[in-house]
Amino acid sequence: MLPARVTELFERQARAGEDLGSPFTAMLCRALASVVDDGTATGRRIIGWQGDARAALVVTRLCGGLHRLVLSGMDDDLRAAYPPNRVSDAELAGALSRAIERHDRLLRDWLDSAPQTNEIARSAMLLPGFLAIARESGLPLTLCEIGSSAGLNLLFDRFSYSYGDAHWGDRASPVHLAPQIKGNVPPLDGVLTVRSRWGCDIAPVDIASEEGRMRLRSYVWPDQPERLQRLDGALALAEQHPVAVAKADAGEFVRATLAQRSAGEAFVVFHSIMWQYMPRQTKDEILAALSEAGREASTAAPLYRLRMEPRDPQDGWATLSLTTWPGGETRRLARCDFHGRWIEWQD
């Protein structure tokens with residue numbers, strides 16, 4: 001029997017699946033809680049996890065490893081228990097138990113790496129912020145994203161968007177985003193031009209490799225095929241329009257890129273659902289670098305920080321905020337769903 005602290009990890013992730021529209025993830029996590037034990041190396045690793053297992057997203061790691069087995073065709077028995085197939089709780093638990101035993105070493109090793117997601121739908125939350133910057137500055141944008149993963153959201157201007165009856169972008173794009181609108185439709189007017197795009201991550205995903213693409217696909221919830229379709233569309237765009245993502249500490253990267261600003265561009269540092277995972281020291285370095293650069297900003301060389309982050313992770317939603325220099329004024333633009341399912345414009 002699992003210790004209560006470990007059982008709660010699985011239950012917490014199950015509730016997250018329910019809240020974010022993935023009933024299979026809820027079913028999966030509860031089934032895992034019934035079969036994970038100290039009889040496998042995978043189970044022992046989870047039970048004896050060193051450090052904060054919740055912050056390390058240990059359950060998400062295991063779910064991703066199991067999905068990889070399904071997507072790669074490595075376990076037909078497990079695949080038969082995954083969507084679009086429907087099975088009972090007992091059947092799923094049995095398939096999971098057998099899969100963990102068969103692939104114990106692979107799954108144990110998979111737990112070594114933090115989850116990597118590149119949720120494309122978050123671009124639909126960020127786009128209105130980029131458009132606000134373009135309207136207000138009247139300048140082309142230079143983008144600097146931290147926590148870029150594979151860099152797919154740096155290609156946001158190549159996606160197609162629908163906000164109710166309003167549309168923005170290339171209708172022929174393989175990525176089409178249509179979030180639910182709560183309240184007013186975000187303003188979509190203005191001319192948006194991207195001059196350059198830079199990204200960084202402490203462990204960037206190499207989407208030129210099959211393993212990198214598989215890693216991203218593995219962390220898409222199995223009963224949300226539309227997310228997988230969006231990801232595949234963005235990967236296809238990235239093949240045509242590759243974006244380099246540097247392996248770098250975010251604090252060092254921000255300071256280095258800020259030093260390369262020039263007049264005639266709106267320099268935008270942005271990030272989405274990653275701030276809470278960074279060390280306090282790195283956060284302080286980024287804020288100090290922005291504050292220092294902000295003192296030198298002008299209307300000819302403005303600086304912006306656009307972020308989609310939760311004020312409190314327990315809120316269940318994120319805030320789209322924009323800070324503008326010169327001045328350093330911050331305003332809240334919208335409330336957003338973590339996965340980009342809905343937006344409530346407030347500015």
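**View 1. Overall dimensions of the predicted chain.** Along its principal axes the C-alpha trace spans about 65 × 45 × 35 Å. The model is predicted, so that local features need pLDDT of at least 70 and side-chain atom pairs count only at pLDDT 80 or more, whereas totals for chains, interfaces and linings use all residues. Residues are numbered from 1 along each chain as its sequence is written, and side-chain values use heavy atoms, with hydrogens and water left out.

View 2. The chain comes to 12 helices and 12 strands, which are DSSP runs (helices H or I, at least four residues; strands E, at least two) numbered from the N terminus.

**View 3. The crossing of helices α2 and α4.** The axes of α2 (residues 23-35) and α4 (residues 58-71), lines fitted to C-alpha atoms over the stretch in contact, come within 11 Å and cross at roughly 100 degrees, with angles running from 0 to 180 degrees between N-to-C directions. The two helices are therefore roughly perpendicular to each other (65 to 115 degrees).

**View 4. Residues between α2 and α4.** Leu28, Cys29 and Leu32 in α2 meet Val59, Leu62, Cys63 and Leu66 in α4, contact meaning heavy atoms within 4.5 Å. By class, this contact has 7 nonpolar residues (Ala, Val, Leu, Ile, Met, Phe, Trp, Tyr, Cys and Pro count as such), with no polar and no charged ones.

How values were computed:
Angles under 35 degrees count as roughly parallel, over 145 as roughly antiparallel, 65 to 115 as roughly perpendicular and the rest as oblique.
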